[in-house]
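Let us read this model together, one feature at a time. Have the structure open and ask as you go.

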Amino acid sequence: MLGITKKFGAVTALDRVDLEVSQGAIHAIVGENGAGKTTLMRILYGALASDDGTVEVETHAVKFGSSREAIQCGVGMVSQHYGIIPELTCLQNLILGAEGGPILRNRAAEERAKMLATRMGFEFNWQAEASTLSPAGAQKLEILKLLWREARIMILDEPTAMLSPADANALFVSLDSLAKDGATIILVTHRLPEVLEHCSRVTVLRNGKRIDEKAVTETSGSELAQLIVGGALDKPEITSSFRPGDRLLEITNLTVKGNRGDIALKGVGFNVRSGEILGIAGVDGSGQRELFESIAGLIKPVEGAISFAEQDTAGWTPAQRIAHGLRMIPEDRHAQGVVENWSLDANAALGLQRLKPFARGGRVDEKARHRMAGEIAERFNTKHGGLNLQMSSLSGGNQQRFVAARSLCLNPRLVLAFQPARGLDIKGTQKVYEGIRDVCRSGSAALVVSFDLDELLEQCDRVVAMNHGRLLEPEAHQAMDRDAIGRLMVGAQ
Amino acid sequence: MIWRLVAMIAGACAILAGAVLVAHESPIQSLQTLFHGSLGTPAAIAGTLREATPLLICGLAVFIALRAGLFNIGVEGQLLVGACACAVVAIRFPGTPGMILGVIAGMAAGALWALPAGLIKAYRNGHEVITTIMLNNVALFFTGALVSGPIKDKTQADTATPYVAASSRMPWVYQTPTVQVNFSLVLGVLLAVGLALWLKKTVAGYELQAVGSNRVAARFAGISPQKVTMLAMTISGSLGGLAGAVQVLAYEGRFYDGFSPGYGFDALGVALLAGGSAYGVLPSSLLFGILSKGGTALQIDGVPKGITTVVLGMLILIAAAIRYRKVTTDA
């Protein structure tokens with residue numbers, strides 16, 4: 001890709017960016033939120049048209065009008081949000097959009113699917129519904145989808161964001177073998193250790209410009225971090241200022257049904273003291289979601305009790321819990337955190353709409369709301385073009401900043417943070433966790449779910465693990481032991 | 001907003017001209033007839049406003065449900081039961097009490113008629129489009145049965161209730177022998193303004209629109225989508241009922257079989273054309289009023305009235321296409 005330029009209105013997302021990737025390489029693209037990584041990849045994949053610049057694939061100049069044309073030239077992409085339809089079987093998902101004719105030949109398709117899976121060392125029950133797949137399984141299926149379409153250049157956007165460390169390692173093993181077979185892999189990621197360990201070259205983007213390209217063997221984590229943020233990054237010393245306070249949240253024997261009627265939480269019990277940041281490790285789907293939703297009052301437990309500041313919450317509506325100081329940074333900001341076609345102003349009040357200063361006796365205080373929206377956007381440097389613009393005009397990372405900042409305003413007492421730094425870069429992640437630590441310093445508490453164990457170990461005062469609906473605490477002498485917690489995450493003692 | 005409406009009206013004229021051409025009449029003359037019949041004389045304007053009044057109130061009923069993400073197709077039925085209940089009550093109380101109680105009865109009946117659809121939607125997730133359509137049918141035949149039996153004026157041959165006393169009717173705000181403008185139009189305009197302010201300025205209005213825009217996010221924001229659904233259906237139903245009551249008290253004076261020419265259905269188009277603001281219901285109900293009144297004039301001229309219905313249908317299609325254009329370009 002040479003001299004790629006893309007403008008969105010007045011904003012230059014990409015400014016004459018060059019990217020050269022050699023065949024058989026695993027090439028990493030790193031950069032902050034809004035640096036242009038995803039935009040560049042979407043242009044390569046044909047989902048966006050560039051304003052200027054050329055793309056060459058295997059020495060042929062190409063111009064993709066759509067992703068369909070890109071895939072015909074062997075360029076495929078797995079995006080951050082998987083495109084798997086849970087109601088279809090794995091096989092149906094695999095061939096979707098590339099059936100190879102109007103008549104389905106299931107047996108031949110399954111043969112070929114098995115062949116591809118074996119080559120990658122994957123195992124699938126092809127007739128099972130895709131909803132039964134773990135996130136790691138879904139990721140593997142996405143990769144097989146690219147192979148099915150005979151992609152020779154694969155773009156992976158944050159592939160390990162939802163995976164446990166073991167699954168992530170397994171993924172890289174298969175990517176390695178693909179690269180050895182001659183496939184070219186472009187990896188967009190925030191995790192520098194992955195880059196250093198598994199990639200051969202790395203391109204750094206900042207503010208839509210290509211800053212540098214390096215062979216991984218010739219660089220280091222700290223050098224890359226500097227290139228990414230542009231200037232020295234002083235790593236803040238995280239001082240755990242946590243002094244155990246009063247018991248703020250007490251959960252006993254909590255059992256909850258999931259939305260498919262299965263038991264999602266089994267006899268979960270733990271305490272959170274005021275001032276404490278409790279990290280909850282675990283692979284996706286271990287019951288974290290149901291735990292948060294039952295604390296927020298969105299689902300009713302089958303059994304067990306949740307008490308907040310020594311009061312039983314059983315009869316409290318979600319709105320009452322918010323009034324008592326419960327805040328949530330939801331897992332899926334698009335679906336759960338914002339109204340995309342509303343202004344930032346209107347979104348600032350979402351969830352807090354009944355609290356002062358947003359409301360005055362049942363009336364919306366628009367002036368106060370506008371002021372608060374400004375403060376919320378300011379707090380974690382949400383980049384926006386005006387508070388009156390629609391939320392959908394913000395990039396994903398900036399929406400996350402906004403949603404995180406909103407949950408920390410108006411004196412929260414308990415913050416439920418589901419992947420609070422999802423899609424954020426190093427600086428953004430630090431800022432959000434600093435914000436959480438700030439509110440905890442003044443006597444509140446936070447529960448943090450993340451699929452990134454290292455992030456939790458670094459940022460939390462205490463880390464517990466969830467596995468298949470159970471909550472497991474490491475033994476006292478292994479309290480912050482990475483391996484011990486890692487074993488709990490997968491259910492081994 | 002404004003240019004869109006202007007484009008819409010120009011489009012309406014063009015489509016109408018085309019349609020008339022197909023019907024082998026002179027397009028220009030027909031357009032003249034249409035506008036003369038609806039806006040050409042003070043009496044014509046008054047007639048247009050009379051047509052626009054029920055469309056305005058019904059349009060607001062559909063609109064408020066739409067803001068909560070609900071498609072209330074049942075306004076027609078709510079209007080019928082509202083009108084019927086209003087007539088029954090207003091007959092019994094002469095003077096102003098008859099008017100006030102009639103309005104209350106009409107709104108209560110309309111709200112009650114929307115209640116099952118609201119309950120089924122909120123607590124069983126049954127689609128409100130299906131339930132409200134069914135309730136329309138029930139309302140049509142139920143009020144028809146009542147007016148041919150229990151509440152029929154036995155002294156007349158018509159299947160109709162007795163007339164409401166003149167002292168209970170809605171007053172005229174402007175009246176000459178040829179031109180009459182009823183208070184109900186003022187009421188409708190005030191309702192539009194009130195509804196717009198309520199949506200913008202109150203927490204309840206904010207929450208209602210949050211549910212309409214993103215039900216899941218609203219739930220996470222501590223809002224009960226069930227309660228909001230019930231609230232929206234109740235407001236919507238009572239506005240539908242009010243439209244029926246107003247129709248009885250302002251213009252018709254009684255309830256009869258075949259009471260509504262389909263105001264509740266036209267209101268769907270009114271609300272869709274109105275866009276995102278309650279104020280938008282004002283011009284769009286006026287446009288529908290013009291075409292309806294002008295259509296009657298056309299018919300007298302020998303052009304089938306159905307042509308204006310065709311034009312309205314085309315307009316709604318165009319409006320929907322403009323409105324939802326963004327969905328594909330954003331993706």
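Q: How do two packed helices get described, and what are the angle and axis distance for helix α3 (residues 42-67) and helix α7 (residues 183-201) of chain B?
A: Two packed helices are described by the angle between their axes and the distance between the axes. Here helix α3 (residues 42-67) of chain B packs on helix α7 (residues 183-201) of chain B at about 20 degrees, with the axes 9 Å apart. The axes are lines fitted to C-alpha atoms, for helices over the stretch in contact, and the angles run from 0 to 180 degrees between N-to-C directions. Helices (H or I, at least four residues) and strands (E, at least two) are DSSP runs, numbered from the N terminus.

Q: What does that angle make of α3(B) and α7(B)?
A: It makes α3(B) roughly parallel to α7(B). Angles under 35 degrees count as roughly parallel, over 145 as roughly antiparallel, 65 to 115 as roughly perpendicular and the rest as oblique. The crossing of α3(B) past α7(B) is left-handed. A crossing is left-handed if the near helix is turned anticlockwise from the far one by less than a right angle, and right-handed if clockwise.

Q: Which residues make the contact?
A: From α3(B) come B:Leu49, B:Thr53, B:Leu56, B:Ile57, B:Leu60, B:Ile64 and B:Arg67, and from α7(B) come B:Ser184, B:Leu185, B:Gly188, B:Leu191, B:Ala192, B:Leu195 and B:Leu199. Two residues are in contact if their C-beta atoms, placed from the backbone, lie within 7 Å. By class, the contact of α3(B) with α7(B) has 10 nonpolar, three polar and one charged residue. Ala, Val, Leu, Ile, Met, Phe, Trp, Tyr, Cys and Pro count as nonpolar, Asp, Glu, Lys and Arg as charged, and the others, Gly among them, as polar.

Q: Good to know. What should I keep in mind about the model and its numbering?
A: This is a predicted model, in which local features need pLDDT of at least 70 and side-chain atom pairs count only at pLDDT 80 or more, while totals for chains, interfaces and linings use all residues. Residues are numbered from 1 along each chain as its sequence is written, and chains are lettered from A and ligands numbered from 1 in the order in which they are written.

Q: At what angle do α5 and α6 of chain B cross?
A: The axes of α5 (residues 96-124) and α6 (residues 128-148) of chain B cross at roughly 155 degrees and come within 9 Å. That makes α5(B) roughly antiparallel to α6(B). The crossing of α5(B) past α6(B) is right-handed. On α5(B), B:Trp113, B:Pro116, B:Ala117, B:Ile120 and B:Lys121 meet B:Glu128, B:Thr131, B:Thr132, B:Leu135 and B:Ala139 on α6(B). The contact of α5(B) with α6(B) has six nonpolar, two polar and two charged residues.

Q: Where does B:Asn125 lie, and is B:Asn125 buried or exposed?
A: B:Asn125 sits in the loop between α5 and α6 of chain B. B:Asn125 is exposed, with 9 other C-beta atoms within 10 Å. A residue is buried if 20 or more other C-beta atoms lie within 10 Å of its own, exposed if 12 or fewer, and partly exposed in between, with C-beta atoms placed from the backbone. The phi of B:Asn125 is positive, near 55 degrees, in a residue other than glycine.

Q: How does the radius of gyration of chain A compare with the globule rule?
A: Chain A has a radius of gyration of 23 Å, close to the 23 Å that the globule rule gives for 493 residues, so it is as compact as a globular protein of that length. The radius is taken over C-alpha atoms, and the globule rule is 2.2 Å times the number of residues to the power 0.38. Chain A has 17 helices and 22 strands, and 46% of its 493 residues count as buried.

Q: Where is A:Ala404, and what does A:Ala404 touch?
A: A:Ala404 is in helix α14 (residues 396-407) of chain A. A:Ala404 is buried, with 29 other C-beta atoms within 10 Å. Not counting residues up to four places away in sequence, A:Ala404 touches A:Ile329, A:Phe380, A:Pro420, A:Val432 and A:Gly435.
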